[in-house]
Amino acid sequence: MRTGTREKDKLSEILDMLPAFIYVQKPNHTIEFYNREFYNLFGEPKGRKCYEIFQNAPCLCNPCIAENVLDTKDPNIRKWQDREGRFYMRYHYFFTDADGISKVLGAGVDISRQVANRKALKESEE
């Protein structure tokens, strides 16, 4: 099924309403698509690589989650802390776009409140 411009615009509008950052990463580690929350947190990708955006690093992470997802086609879900100290559950999924190119769909959900609540509960129990 081919998606027309109206459908793409509607999907982008829906993704912009989500309280999570969403992005599509190409095999060369650049960000091809992102939603409003991604932009609010990380700014315009402007050709920067994922490791520059998320880790402010000059080279690939070790291990590279995206490369692993592309190689194995298995999803990856993990907790991640950004440079501001916020915690996220990061989701990485393999998919093939309409042109047959393998990519990674990434998403991050802010779990900072839950992490803080667990920490406070643990401290109160000690």
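Predicted model: local features only at pLDDT ≥ 70, side-chain atom pairs only at ≥ 80, totals over all residues.
I then looked up Tyr 93. This residue sits in strand β4, residues 87-96. Its relative accessible area is 34%, so Tyr 93 is partly exposed.

Next, the cysteines. How many disulfides does a search of the whole structure find? The search gives zero. I checked Cys 59, which is in no disulfide. Its nearest cysteine sulfur belongs to Cys 61, 8.1 Å away. Cys 59 has 48% relative accessibility and therefore counts as partly exposed.

A disulfide needs the sulfur atoms within 2.5 Å. Cys 64 counts as buried because its relative accessibility is 12%.

The largest nonpolar core has eleven residues, including Phe 21, Ile 31, Cys 50, Trp 80 and Tyr 88. Three elements, β1 (20-25), α2 (36-42) and α3 (50-55), each give two or more residues to this core. Helix α3 supplies the largest share, four residues. Another core lies apart from this one and has six residues, among them Cys 64, Ala 66, Val 69 and Val 104.

Last entry: the contacts of Ile 31. Leaving out residues up to four places away in sequence, I list Tyr 23, Val 24, Gln 25, Phe 38, Pro 45, Arg 48 and Ile 53 as touching Ile 31.

Conventions: Residues numbered from 1 in each chain as written. Heavy atoms only, no water. Buried < 20%, exposed > 50% of the residue type's maximum accessible area, 1.4 Å probe, protein only. Core = buried A, V, L, I, M, F, W, Y, C linked by side-chain atoms within 4.5 Å. Contact = heavy atoms within 4.5 Å.
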